[in-house]
Amino acid sequence: MIVPGDAGRAPRYRAAMKSPNALIAFAVATLGIAVFSCMDAVMKGLSLAIGAYNALLWRSVAGAAISGVLFLVTRTALPASGVLRVHLVRGAVSAVMAVTFFWGLARVPMAQAISLAFIAPLIALFLAAILLKERISRAAIVASLLALVGVGVILLGQAQAHLGHSAFLGAIAVLVSAVCYAWNIILMRQQAQVAGPIEIAFFQSIIVAVLLALAAPWLAVFPEAHHAPALVGAAALATASLLLLSWAYARGEASYLAPTEYTSLIWAASLGWLVFGERLSPYTMAGAAFIISGCIIAARHRPAHISDTEAAI
């Protein structure tokens, strides 16, 4: 499937990609990951309380309402057919990715889930070269490999814990989600080249909500009122993260920004310990040190001029 850009709007977004400093894009992406990690913690609590499907369905509905207000207030134009196809593809991938991730997250510690999910940026690094024709820098490869060592250290510690069959199934679900997320990172970059952050946040939320609603007659349960603040809060955090990441990926190559995903482990370990009483082991601390080092190496690399590439999938 060819993913064409909107001829009228793409030059505007491509021009904007050249101006901000690469480090600013890296910092904004890192902030977006931090906000997303906070949303993960809220969603884990909701998944334990009302199930992963219902937590994600109602969060998506709330997210569509929040981003829809922004879409209308800013009078954002409707996308062209080519851009809409990009929204639809990413929305479908995101729906599978989210359901499998939050189902797994409800069964394994947050730090372990995020550790397993770290295969996504590594896969995305090479997908960026294949699909987006981006050059993979030596610094990006070193950063990703160093972070992978950190993930290995954390998994070594997690392997010593006896978490049971349910946790094993949860780990498999997270791995499936990670494969989807690798593609999602590339789609995020493609999307950001032809659409603005508010448009992306709105269509992402509404497409995921519609796709999840297809199973509503069999799986949906209307949540109790006391869950409403958490659902709205998760939706607001998800929308904010989408806006931040969309802005960053419009101004930085996917291979350059992908290592920011590794910072989510620090947030996951901290929030898992503070909110759910999940133990923060020395292995997690040691692995986090490798991951931070990898991100520093990636941040110091300044990518060359971003080419105007129309990617094909």
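This is a predicted model: local features need pLDDT of at least 70, side-chain atom pairs count only at pLDDT 80 or more; totals for chains, interfaces and linings use all residues.

Reader: Okay. So where does Cys-38 fall, buried, partly exposed or exposed?

Author: Cys-38 has 29% relative accessibility, so it counts as partly exposed.

Reader: And Cys-180, buried or exposed?

Author: Cys-180 is buried, because its relative accessible area is 17%.

Reader: Let's zoom out. How many helices and strands does the chain have?

Author: There are 14 helices and zero strands.

Reader: How much of the chain is buried?

Author: Of the 313 residues, 54% are buried.

Reader: And the surface? What share of it belongs to carbon and sulfur atoms?

Author: That share is 73%, out of an accessible surface of about 13,300 Å².

Reader: What about contacts in the chain, how many join residues at least 24 apart?

Author: Take the contacts between residues at least 6 apart in sequence. Of these, 92% join residues at least 24 apart.

Reader: Which residues does Ala-268 touch?

Author: Leaving out residues up to four places away in sequence, Ala-268 touches Met-110, Ala-111 and Ile-114. Ala-268 and Ile-114 are 154 residues apart along the chain, yet 6.9 Å separates their C-alpha atoms.

Reader: What does Ser-241 touch?

Author: Gly-32, Val-35 and Phe-36, again not counting residues up to four places away in sequence.

Reader: New topic: charges. How many salt bridges are there?

Author: The structure holds one. Glu-278 pairs with Lys-44, and their closest N and O atoms are 2.5 Å apart.

Reader: Now rings. How many aromatic pairs does the structure hold?

Author: Five. One is Phe-71 with Phe-202: their ring centres are 4.7 Å apart and the planes are at 25 degrees, so this pair is stacked.

Reader: Where do those two lie?

Author: Phe-71 is in helix α3 (residues 52-73) and Phe-202 is in helix α9 (residues 197-213), so the pair ties together parts 131 residues apart in sequence. Phe-71 counts as buried because its relative accessibility is 6%. Phe-202 is buried too, with a relative accessible area of 15%.

Reader: Which residues form a cluster through ring pairs?

Author: Phe-71, Phe-202 and Phe-203.

Reader: What about Phe-101 and Phe-102, stacked or edge-to-face?

Author: Edge-to-face, because their planes are at 75 degrees, with the centres 5.3 Å apart. Both Phe-101 and Phe-102 are buried.

Reader: Back to the surface. Which residues form the nonpolar patch?

Author: Trp-103, Phe-168, Leu-169, Ile-172, Leu-175 and Val-176. Together they have about 500 Å² of accessible area.

Reader: Which helix gives the largest share of the patch?

Author: Helix α8, residues 164-194, with five residues. Phe-168 is in helix α8.

Reader: Last one: what is the phi of Arg-75?

Author: Positive, about 55 degrees, although Arg-75 is not a glycine. Most residues other than glycine have a negative phi.

Reader: And where is Arg-75?

Author: Arg-75 is in the loop between α3 and α4 (81-105). Its relative accessible area is 77%, so Arg-75 is exposed.

Reader: Thanks, that helps!

Definitions and conventions
Residues are numbered from 1 along each chain as its sequence is written. Side-chain values use heavy atoms; hydrogens and water are left out. A salt bridge is a side-chain nitrogen of Lys or Arg within 4 Å of a carboxyl oxygen of Asp or Glu. Contact means heavy atoms within 4.5 Å. Buried means under 20% relative accessible area, exposed over 50%, partly exposed in between (1.4 Å probe, protein chains only). Patches are made of residues with over 30% relative accessible area and no salt bridge: like charges are joined within 9 Å, nonpolar side chains (Val, Leu, Ile, Met, Phe, Trp, Tyr) within 5 Å. Accessible areas come from the Shrake-Rupley method with a 1.4 Å probe; for residues, only the protein chains shown count as cover. Helices (H or I, at least four residues) and strands (E, at least two) are DSSP runs, numbered from the N terminus. Rings of Phe, Tyr and Trp (its six-membered ring) pair if their centres lie within 6.5 Å; planes under 30 degrees apart count as stacked, over 60 as edge-to-face and the rest as tilted.
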